Amino acid sequence: MSAMYKDDQDNWMTVCLKYLLFVFNVLFWVGGAAVMGVGIWTLIDKSDYLSLLASSTFTVSAYILILAGALVMVTGFLGCCAVIREQRSCLSTYFCCLLLIFLIELVAGVLAYVYYQRLSEELKQHLNETMTENYAQPGKEAITLAVDRLQQDFKCCGSNNSFDWLHSVYMTSAVSEGRVVPDSCCKTITTLCGRRDHPSNIYKTEGGCITKLEQFLADHLLIIGAVGIGVACLQLAGAMLTACFIYLLYKEEEEDFSAV
């Protein structure tokens, strides 16, 4: 009687785990779509700014998230199939995939966190140099567009302040046509409006563009890190559930074999 009760209990646990894993995989698939969406959003939303960064860590973190999100969606679908078929080999492969994706997303989260820690220092060292030496220079069209968009989007002028432009290669050349700041510093852009740097004409944001860009990137990095680590923890829980399910299936096969 106790043996029969134990068998019923094991069967009940197997059925519960099966449906729990199925629901988990559906949520897992949705989570994968969210992870991939965050990665794409990071690259697309104000992607021009990436050309102003000295390091590619920010971009790499986003690409890792996109890769991990795509893998999560595929793995989630395969996981549903493996749970329905109740094949230990498929479940074992699924378990390994979960661990692999867990490591990938953990790396993305850690990269985002590490870069977040040194973001301020990197911007202070490189942004002013990038803006003053490359703006409106031949072959640097991408940086010129990025700087113009940065100043208009964040309503700022210069790396630290508008006086940074006085020492730039562009402003000290004849090409500037007497401008003291780029036209993109102006509150209302018109041709040659950069000749007048009065506060009524140009943006005088405290802290300059460095402060604005740093806050923008920091917000994105926090989202990348939170999503990466959050979904990674969810996958770890799924891997544990899968391991329990594989163990119960193994016990059932052993019992069926013994009965024969």
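Axes are lines fitted to C-alpha atoms, for helices over the stretch in contact, and angles run from 0 to 180 degrees between N-to-C directions. Keep that in mind for the first helix pair below. The model is predicted.

Two packed helices are described by the angle between their axes and the distance between the axes. Take helix α3, residues 88-134, and helix α4. Helix α4 covers residues 141-153. The axes of α3 and α4 come within 10 Å. They cross at roughly 115°. The crossing is left-handed. On the α3 side, the contact is made by T130, M131 and N134. On the α4 side, I143, T144, V147 and Q151 take part. By class, this contact has three nonpolar and four polar residues, and no charged ones.

Between α3 and α4 runs a loop, and A136 lies in it. The phi angle of A136 is near 60°, a positive value in a residue other than glycine. A136 counts as partly exposed, because its relative accessibility is 32%.

Now turn to the charged side chains. How many salt bridges does the structure hold? There are three. One joins the side chains of R149 and D153, at 3.1 Å from N to O. Both residues lie in helix α4. They are four residues apart, about one turn of the helix. R149 has a relative accessibility of 31%, so it counts as partly exposed. D153 is partly exposed too, with a relative accessible area of 36%.

E177, R179 and D183 are linked in a network of salt bridges. The side chains of E177 and R179 meet at 3.8 Å, N to O. A salt bridge requires the side-chain nitrogen to be within 4 Å of the carboxyl oxygen, so a pair at such a distance qualifies. R179 also bridges to D183, where the closest N and O atoms are 2.9 Å apart. R179 is buried, with a relative accessible area of 11%. D183 is buried as well, at 15%. The cut-off for buried is under 20%, so R179 and D183 fall below it.

Next come the annotated spans. An unreviewed UniProt entry lists residues 20-44, 64-84, 91-116 and 221-250 under "transmembrane region". Two of these spans can be read against the model. Residues 64-84 are 100% helix and 0% strand, and their end C-alpha atoms lie 30 Å apart. Residues 91-116 are likewise 100% helix and 0% strand. The end C-alpha atoms of that span are 37 Å apart.

Helix α1 covers residues 2-44. Y19 is found in α1. Y19 counts as exposed, because its relative accessibility is 56%. Y19 and I84 are 65 residues apart in sequence. In space, their C-alpha atoms are 8.9 Å apart.

V35 is found in helix α1 as well. Is V35 buried or exposed? V35 counts as buried, because its relative accessibility is 0%. Which residues does V35 touch, not counting those up to four places away in sequence? They are L65, G69, E105, V227 and V231. R196 is another matter. V35 and R196 are 161 residues apart along the chain, and their C-alpha atoms are separated by 46 Å.

Helix α5, residues 208-259, holds A243. A243 counts as partly exposed, because its relative accessibility is 33%. A243 and F95 are 148 residues apart in sequence. Their C-alpha atoms are 7.2 Å apart in space.

Methods: Residues numbered from 1 in each chain as written. Predicted model: local features only at pLDDT ≥ 70, side-chain atom pairs only at ≥ 80, totals over all residues. Heavy atoms only, no water. Helix = DSSP H or I, 4+ residues; strand = E, 2+ residues; numbered from the N terminus. Buried < 20%, exposed > 50% of the residue type's maximum accessible area, 1.4 Å probe, protein only. UniProt positions renumbered as here; feature names shortened; annotations may be inferred. Left-handed = near helix turned anticlockwise from the far one by under 90°. Contact = heavy atoms within 4.5 Å. Nonpolar A, V, L, I, M, F, W, Y, C, P; charged D, E, K, R; others polar.
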